Amino acid sequence: MAKHQAVKKIFDEISTKYDLIDTIISLGLDQHWRKVLVKHLDLSDDLRCLDCGAGSGKVTEMIYFQCHGCEVTALDITDSMFNSELKKYVRFVVSPAERLPFEDSSFDRVSSAFLTRNLADIDRYFSEVYRVLKRGGIFVNMDIYNPTRPVISELFGIYFYRFVPFLGNKATGSKNYTYLANTVRYFHRPEVITQKLVEKGFSVQSIDLFFGAVYLHVATK
């Protein structure tokens, strides 16, 4: 099974409980981090915005209500999680993020939150984002990483690789949270993400949001 098909299956299975568990395991900070992401999109009126890996649509919703007159598109590999009410206001597209079904230079802003570690080909995704962004456009990506500070790293390991899979698997009656924890364990370092974005042609700023465990990458074309 291709990775994107396996990921789709996982999120279909946990779709009804994902947001609640996400909030619990992030100690309630996930929504604050999303607000910081949207702030760094530097939104203004009448932009075309794309939210990739939209999930239930939390970032999409923030963009829509903060960006007056903007045309907002949400994209995800599955539609099982996305808030159906939001579809009244935004365009929703089902597609892998590595194959964005849009023309070159279609968007002023692109965002993704907690997406990249689930991708089969992160380099292709970054190339696609660069392609669909207009010159001067902004891409903001947020994800979870393994912190490297000694004490923080040990605490994170106990919490994220033991407690989180136990809680998530118990709540969903599956083993999917073991997989999701491992996507962080084997993910790139933040500085590798910076380098990959630079190689695609972006100007990049990285921002540590939580002791090295959550980073924003703000990339300008």
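**Entry 1: the sheet**

I began with β4 (residues 107-113) and β5 (residues 133-144), which pair in the parallel sense over six bridges. I counted two strands as paired if DSSP finds at least two bridges between them. Helices (H or I, at least four residues) and strands (E, at least two) are DSSP runs, numbered from the N terminus. In this pair, Ser111 stands opposite Val140 of β5.

A note on the source: this is a predicted model, where local features need pLDDT of at least 70 and side-chain atom pairs count only at pLDDT 80 or more, while totals for chains, interfaces and linings use all residues. Residues are numbered from 1 along each chain as its sequence is written, and side-chain values use heavy atoms, with hydrogens and water left out.

Next I traced the strand order. The sheet is open, has seven strands and reads β3-β2-β1-β4-β5-β7-β6, with mixed pairing. β3 (91-94) and β6 (203-208) each have a single partner strand, so one side of each lacks a neighbour in the sheet. On average, neighbouring strands are turned by 15 degrees against each other, direction ignored.

**Entry 2: around β7**

I moved on to β7. Seven bridges join β5 to β7, and the two run antiparallel. Thr220 in β7 is the bridge partner of Ile138. Thr220 also has Ser203 opposite. β6 and β7 pair in the antiparallel sense too, over six bridges. Their hairpin has five residues between the strands, and Phe211 there takes a positive phi near 50 degrees.

Is β7 enclosed or open, and why? Six of its seven residues are buried, so β7 is largely enclosed by the rest of the structure. Buried means under 20% relative accessible area, exposed over 50%, partly exposed in between (1.4 Å probe, protein chains only).

Helix α8 (residues 190-200) lies across β5, β6 and β7 (214-220), and runs at about 10 degrees to β7. Axes are lines fitted to C-alpha atoms, for helices over the stretch in contact, with angles from 0 to 180 degrees between N-to-C directions. Contact means heavy atoms within 4.5 Å.

**Entry 3: rings**

How many aromatic pairs does the whole structure hold? The search finds 18. Rings of Phe, Tyr and Trp (its six-membered ring) pair if their centres lie within 6.5 Å; planes under 30 degrees apart count as stacked, over 60 as edge-to-face and the rest as tilted.

I checked Trp33 and Phe210. The pair is tilted, at 5.6 Å centre to centre and 55 degrees between the planes. Trp33 lies in helix α3 (residues 30-40) and Phe210 in the loop between β6 and β7, so the pair ties together parts 177 residues apart in sequence. Trp33 is buried at 6% relative accessibility. Phe210 is partly exposed at 28%.

Phe160 and Tyr161 are edge-to-face, because their ring centres are 5.8 Å apart and their planes at 90 degrees. Both Phe160 and Tyr161 are buried. Arg185 lies over the face of Tyr161, 4.1 Å from the ring centre. A charge sits over a ring if NZ of Lys or CZ of Arg is within 6 Å of the ring centre and within 35 degrees of the ring normal.

Last, I looked at a cluster. Ring pairs link Tyr125, Phe126, Tyr130, Phe139 and Phe202. The charged end of Lys221 sits over the ring of Tyr130, 4.6 Å from its centre.

**Entry 4: the whole chain**

The chain has eight helices and seven strands. Of its 221 residues, 52% count as buried.
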